[in-house]
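The sequence and the structure are shown below.

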Amino acid sequence: MSDIDIRITGKAGRITLTRPKALNALSYEMCMAIDAALKDWATNDTVQLVVIDAAGDKAFCAGGDIAELYDSGTKGDYAYGRKFWSDEYRLNARMFEYGKPIVSFMQGFTMGGGVGIGCHGTHRVLCETSQISMPEVGIGLVPDVGGTLILSQAPGRLGEYLGLTGFRMVADDAILAGFADLFIPQDQWLSLISSLESNGDLTCLTTSADVPPTGKLRDLQGNIDRHFAGETLGDILNSLHNDDSAFSAATLKSLRRNSPLSMACTAELLHRLRGPEPSIRTALELEYRFTYRAMERGDFLEGIRAAIIDKDRNPQWQHSDMNVPTSATSHMLMPLGAETLTFEEG
């Protein structure tokens with residue numbers, strides 16, 4: 001497949017995304033090729049670890065390929081999107097639970113679906129250009145691909161802030177929030193990958209790690225924890241509206257761009273997931289409740305229209321007054337019964 005290069009090199013199973021002109025956006029076929037390789041390598045003694053990287057300087061992976069989802073959804077075909085998401089989520093779970101180390105090297109943009117393949121491994125490496133974000137609420141979705149699990153475990157209320165604003169994290173921010181582990185200058189990556197391929201020894205990563213330049217989240221955390229401590233979107237908005245600080249003004253401006261229904265459901269998802277024993281399968285099953293309904297009941301198709309089809313940047317959201325009834329959130333996150341997302345055992 002020209003969009004992805006999968007091979008075994010020495011002791012490493014190697015996956016390289018090769019769609020740099022499309023910012024390495026994930027197609028359904030790419031997801032399934034990764035899933036098939038991981039299944040094969042799980043029982044292959046030659047493969048001691050998996051290394052994932054991407055071609056080009058601009059992005060590791062800027063998300064899923066959503067144009068085809070829009071095309072099918074606007075024709076009333078919701079089955080394709082549901083299959084895409086369910087199979088992608090099973091891949092995300094496989095990566096999170098994989099029995100061998102997975103090392104990801106994420107330069108440039110890592111967004112949405114890119115988080116699902118880059119941020120569930122055991123050794124997540126960033127560099128000077130890395131920017132990680134979960135901007136799904138801006139297109140009428142919720143943070144998915146298991147991203148809600150990472151967000152729910154982030155320090156303080158960083159998860160709510162990142163999930164509702166789509167804030168772009170540099171390396172220091174992403175390590176603080178739990179999306180990455182190591183900062184290593186990119187000019188060292190090729191030699192490190194070569195070393196991993198030849199000997200399978202992961203210690204070269206920790207010995208090469210450096211301290212990243214300080215990001216913005218550390219200074220913002222006090223304000224974030226104060227204003228995003230409520231359980232609902234309404235609580236968060238009330239707190240921000242009752243504060244005349246520059247932080248509140250900038251944050252409200254950011255929130256107004258996004259789907260209110262998606263933001264309300266994101267806050268509810270993180271509330272449900274926050275706890276001492278996080279589960280990737282629980283997170284993905286909850287996310288799928290939303291994405292299963294996203295085309296038919298949510299703002300997804302309108303969000304894509306405004307962002308990449310008409311490009312007018314003027315989505316007509318449901319609940320545009322930002323007052324999302326509890327019933328609307330509950331409806332999007334109701335159990336799916338026979339359509340509940342299931343996972344392979346073992």
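S152 counts as buried because its relative accessibility is 3%; buried means under 20% relative accessible area, exposed over 50%, and partly exposed in between (1.4 Å probe, protein chains only). The model is a predicted one, in which local features need pLDDT of at least 70 and side-chain atom pairs count only at pLDDT 80 or more, while totals for chains, interfaces and linings use all residues. Residues are numbered from 1 along each chain as its sequence is written, and side-chain values use heavy atoms, with hydrogens and water left out.

S152 belongs to helix α5 (residues 147–152). Helices (H or I, at least four residues) and strands (E, at least two) are DSSP runs, numbered from the N terminus. Leaving aside residues up to four places away in sequence, S152 touches L270, L273 and R274, where contact means heavy atoms within 4.5 Å. The side chain of S152 also makes a polar contact, at 3.1 Å, with the side chain of Q153. A polar contact is a pair of N or O atoms within 3.5 Å; within protein, one must be able to donate a hydrogen and the other to accept it, and residues adjacent in sequence count only if both atoms are side-chain atoms.

S130 is buried, with a relative accessible area of 1%. Its side chain has a polar atom 2.5 Å from the backbone oxygen of M106 and one 2.8 Å from the backbone nitrogen of C127. Beyond four places in sequence, S130 touches M106, Q107, G108, M169, V170 and A171.

In helix α2 (residues 67–74), the buried residues include L69, Y70, S72 and G73. Their cover includes α3 and α15 (300–309). G76, with a positive phi near 85°, follows α2.

**Salt bridges**

Side chains of opposite charge can pair when their charged atoms come close. A salt bridge is a side-chain nitrogen of Lys or Arg within 4 Å of a carboxyl oxygen of Asp or Glu, and by this rule the count is 20.

| Pair | N to O distance |
|---|---|
| D35 and R94 | 2.7 Å |
| R272 and E268 | 2.7 Å |
| R305 and D312 | 2.6 Å |

The salt bridge between D35 and R94 joins helix α1 (residues 28–42) to helix α3 (residues 79–96), so the pair ties together parts that are 59 residues apart in sequence. Both D35 and R94 are buried. R272 and E268, by contrast, both lie in helix α13 (residues 260–273), four residues apart, about one turn of the helix. R272 counts as partly exposed, at 39% relative accessibility.

Salt bridges that share partners join E302, R305, D310 and D312 into one network.

**Cysteines**

How many disulfides are there? A disulfide is a pair of cysteine sulfur atoms within 2.5 Å, and the count by this rule is zero. C31 is in no disulfide, and the nearest cysteine sulfur, that of C61, is 8.1 Å away. C31 is buried, with a relative accessible area of 1%. The sulfur of C127 is 13 Å from the closest cysteine sulfur, in C119, which is too far for a bond. C127 is likewise buried, with a relative accessible area of 1%.
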